[in-house]
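Subject: A structure for you to look through

Hi,

Here is the structure I promised to pass on to you. Have it open while you read, and my notes on it follow below.

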Amino acid sequence: MTLESLLLSQDAEVVRVLRPTLERLSIAVEICQEAKKASEILIAEKFDAVIVDCDDLKGGLEVLQCLRATPSNQNSVAFAVLNGKKTTTQEAFGMGVNFVLQKPIHSLNASRCFHAALSFMERERRRYFRLPVKMLVSLVLGEKELKATSTNISESGIALMVHHALPKNATARLQFTLPKTSAALDMEAEVAWTDLKGHAGLRFVKVPASSQQLLENWLGEQIEQPPADKEKQAGSSSEANQ
């Protein structure tokens with residue numbers, strides 16, 4: 001699994017140290033040197049880690065202050081790079097930063113910092129990761145039992161194709177078996193959104209601990225699969241449900 005990071009800095013030494021450190025941990029790095037451009041990128045793209053040179057880049061501090069307000073990256077792991085003269089460590093943490101790096105940055109310290117952050121990044125990746133998958137889903141809404149087909153699933157919810165109108169915010173009971181497993185899951189979900197084409201998104205609201213663990217483990221296995229294997233599984237799931 002390749003994690004994604006955005007590094008906002010004009011400091012050549014910061015880039016020289018951090019880029020190879022991140023890449024050695026299988027964290028891809030996108031370099032940005034302008035605060036305005038970084039703000040635009042953070043609105044449009046999702047990153048597992050956002051590293052901001054707060055003190056030595058004009059507008060860098062503002063990018064960090066606004067990070068938690070961006071829908072795509074409000075839960076990304078945030079790193080503040082400080083020069084020891086302007087922003088304090090306490091102030092950085094107060095803005096929602098998870099980790100702080102002080103200049104001058106040395107490879108060993110950077111490596112230790114990113115190693116410590118890896119589990120947070122991987123957890124966040126699993127949380128928002130949506131796996132395209134087709135499987136039959138039994139949906140009990142009030143006294144009605146409906147059949148639906150999933151289009152994708154994550155740890156926190158599922159998207160369905162269902163040929164009946166679902167009232168928004170209604171609570172439904174879902175039952176389904178994860179592809180290529182005997183793991184039958186049973187949980188409650190809330191209708192978060194619907195459209196006129198029969199698509200609906202449901203947010204899991206009451207999930208037994210055993211079902212949650214099965215789902216998390218299964219999704220973790222899918223994240224680690226090569227893309228070709230994921231496509232093959234999606235196709236197999238589709239055939240199995242026809």
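Asn169 sits in the loop that runs between E9 and E10, where helices (H or I, at least four residues) and strands (E, at least two) are DSSP runs, numbered from the N terminus. The phi angle of Asn169 is near 75°, which is a positive value in a residue other than glycine.

Before we go on, please note that this is a predicted model: local features need pLDDT of at least 70, side-chain atom pairs count only at pLDDT 80 or more, and totals for chains, interfaces and linings use all residues. Residues are numbered from 1 along each chain as its sequence is written, and side-chain values use heavy atoms, with hydrogens and water left out.

Lys180 is another residue with a positive phi, near 60°, without being a glycine. Look for Lys180 in the loop between E10 and E11. Is Lys180 buried or exposed? With a relative accessibility of 65%, Lys180 counts as exposed (buried means under 20% relative accessible area, exposed over 50%, partly exposed in between, with a 1.4 Å probe and protein chains only).

E10 and E11 make a hairpin, with 6 residues between them. The two strands pair in the antiparallel sense over 7 bridges; strands pair if DSSP finds at least two bridges between them. Within this pairing, Leu174 stands opposite Met187 in E11. E10 is also joined to strand E7 (residues 136-141), by 3 bridges, and these two run antiparallel. There, Ser138 stands opposite Gln175 in E10.

E10 (residues 171-177) has two faces: Ala172, Leu174 and Phe176 make up the covered one, while Thr171, Arg173, Gln175 and Thr177 make up the uncovered one.

**A strand inside the protein**

Now turn to E4. How many residues of E4 are buried? The count is 6 of the 6, so E4 is largely enclosed by the rest of the structure. Val77, Phe79 and Val81 point one way from E4, and Ala78, Ala80 and Leu82 point the other way. E4 pairs with E3 in the parallel sense over 5 bridges, and Val52 stands opposite Ala80.

Setting aside its neighbours within four places in sequence, Ala78 is in contact (heavy atoms within 4.5 Å) with Val50, Leu67, Arg68, Gly96, Val97, Asn98 and Phe99.

In helix H2 (residues 35-44), the buried residues include Ala35, Ala38, Ile41 and Leu42. They cover an arc of only 115° around the axis, which puts them on the same side of H2; the arc is that of the directions from the helix axis to the C-beta atoms. An α-helix has 3.6 residues a turn, so residues three or four places apart point the same way. On the other side of H2, Lys36, Ile43 and Ala44 are exposed. The buried residues of H2 pack against strands E1 (3-8), E2 (27-32) and E3 (49-53) and helix H3 (60-66).

Helix H5 holds Glu124, a charged residue that is buried, with a relative accessible area of 6%. Apart from neighbours within four places in sequence, Glu124 is in contact with Lys46 and Asn75.

In the loop between strand E5 (99-102) and H5 you will find Pro104. A cis peptide bond joins Lys103 and Pro104, with omega at about -5°.

**The whole protein**

The protein has 7 helices and 12 strands. Of its 242 residues, 45% count as buried. The C-alpha atoms fill a box of roughly 65 × 35 × 30 Å, taken along the principal axes. Among contacts with a separation of 6 or more, residues 24 or more positions apart account for 56%.

Enjoy exploring, and write back with any questions!

Best wishes
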